[in-house]
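Student: Could we go through this structure together? I am new to it and would like to start with the charged side chains.

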Amino acid sequence: MDNPGYIILSRLALQNRATQVLAHNVANADTPGFRALRPVFAEYVARQNQVDGPAGARPVAFVQDRATWRETDQGPIQSTGNPLDLAINGEGFFAVETPRGERFTRAGRFSLGEGGRIVDMEGHPLLNTDGAPIAVAPNDSRIEVLGDGTIRSENGTLGRVRIVRFDNVQNLRAEGDRLFDPAGEEARAVDRPRIVQGSLEGSNVRPILEMTRLTAELREFQFAAQFAEREGERLSTAVERILRRRA
């Protein structure tokens, strides 16, 4: 078995994956509510029989791709002046209705959709605390959203935005760059949400830091590729020498 070759191939796979994750973060630096992703790698140790030297076994370490986790730090809240732009200051997610069931998001860029419903950027209705879509009547001209999520107009209260939290946010399954599938995690109501009207939560990606990390990962990938190339040349030379001796 060519252990050095297998080890460097595992390292190349790691660097490629890390580069892809960082590039995805950079691409979503301006996506409202986006959470930066981080790959999780581990060392996999295998034992091989030692051919030369004292009898016994020696460990060989490979790199193993284990998972991806999200940074949960809140992104910056930026004022937009749009009354239907909502930001959650603190923990929690908005609940929206999709053809696949309820999904959750931190992206609070909403607008009026068909039938006066308040919908997200993909047309999914925003849900109230009863799990029903929130709608605005044609004669509701001044929309106000209070800090606790209550939506009202000059004609009265329209409902209260449902804000939920999860005990283990890392278990949520991403659908695209904004929505999350609870994936079996129980959604619990946030008793005292803090909603800021006329504002959006930006991505928590720090572009300069991500670009620095991306540059470092690309350099590491180049080093690993050069090592793999030299290892290939070494094996080719060894094979040529063996063939010459047998000739």
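Student: Which residue does Arg38 form a salt bridge with, and how far apart are the closest N and O atoms?

Tutor: Arg38 forms a salt bridge with Glu210, and the closest N and O atoms are 2.5 Å apart; a salt bridge here is a side-chain nitrogen of Lys or Arg within 4 Å of a carboxyl oxygen of Asp or Glu. Please keep in mind that this is a predicted model, in which local features need pLDDT of at least 70 and side-chain atom pairs count only at pLDDT 80 or more, while totals for chains, interfaces and linings use all residues. Residues are numbered from 1 along each chain as its sequence is written, and side-chain values use heavy atoms, with hydrogens and water left out.

Student: Where do Arg38 and Glu210 lie in the chain?

Tutor: Arg38 is in strand S1 and Glu210 in helix H2 (residues 207-246), so the pair links distant parts of the chain, 172 residues apart. Helices (H or I, at least four residues) and strands (E, at least two) are DSSP runs, numbered from the N terminus.

Student: Is Arg38 buried or exposed?

Tutor: Arg38 is buried, and so is Glu210, where buried means under 20% relative accessible area, exposed over 50%, and partly exposed in between, with a 1.4 Å probe and protein chains only.

Student: How many salt bridges does the structure hold?

Tutor: The structure holds 14 salt bridges. Another one joins Arg35 and Glu201, with the closest N and O atoms 2.9 Å apart. Arg35 sits in the loop between helix H1 (3-27) and strand S1 (37-49), whereas Glu201 belongs to strand S17 (residues 199-201), 166 residues apart. Both Arg35 and Glu201 are buried.

Student: Which residues are linked in a network of salt bridges?

Tutor: The network links Arg100, Arg103, Arg173, Glu175 and Asp181. Within it, the side chains of Glu175 and Arg103 meet at 2.9 Å, N to O. Glu175 counts as partly exposed because its relative accessibility is 21%, whereas Arg103 is buried, with a relative accessible area of 8%.

Student: What stands opposite Arg103?

Tutor: Val96 stands opposite Arg103 in S6. Five bridges join strand S5 (residues 93-98) to strand S6 (residues 101-105), which run antiparallel, and a hairpin joins S5 to S6 through two residues. Two strands pair if DSSP finds at least two bridges between them. S6 also pairs with strand S14 (residues 179-181) in the antiparallel sense over two bridges, and there the partner of Thr105 is Leu179.

Student: Changing topic, what volume does the largest pocket have?

Tutor: The largest pocket has a volume of about 230 Å³. Of the 14 residues that line this pocket, the closest to its centre are Arg35, Thr72, Gly92, Phe93 and Val169. A pocket is an open set of points on a 1 Å grid over the protein atoms alone, where a 1.4 Å probe fits, with protein on both sides within 12 Å along at least five of seven lines, and lining residues have an atom within 4 Å of a point. Grid points are joined across faces, edges and corners, and a volume is the space filled by probe spheres set on the points.

Student: And how much space lies in the second largest pocket?

Tutor: About 160 Å³ lies in the second largest pocket, and its lining includes Glu201, the residue that forms a salt bridge with Arg35.
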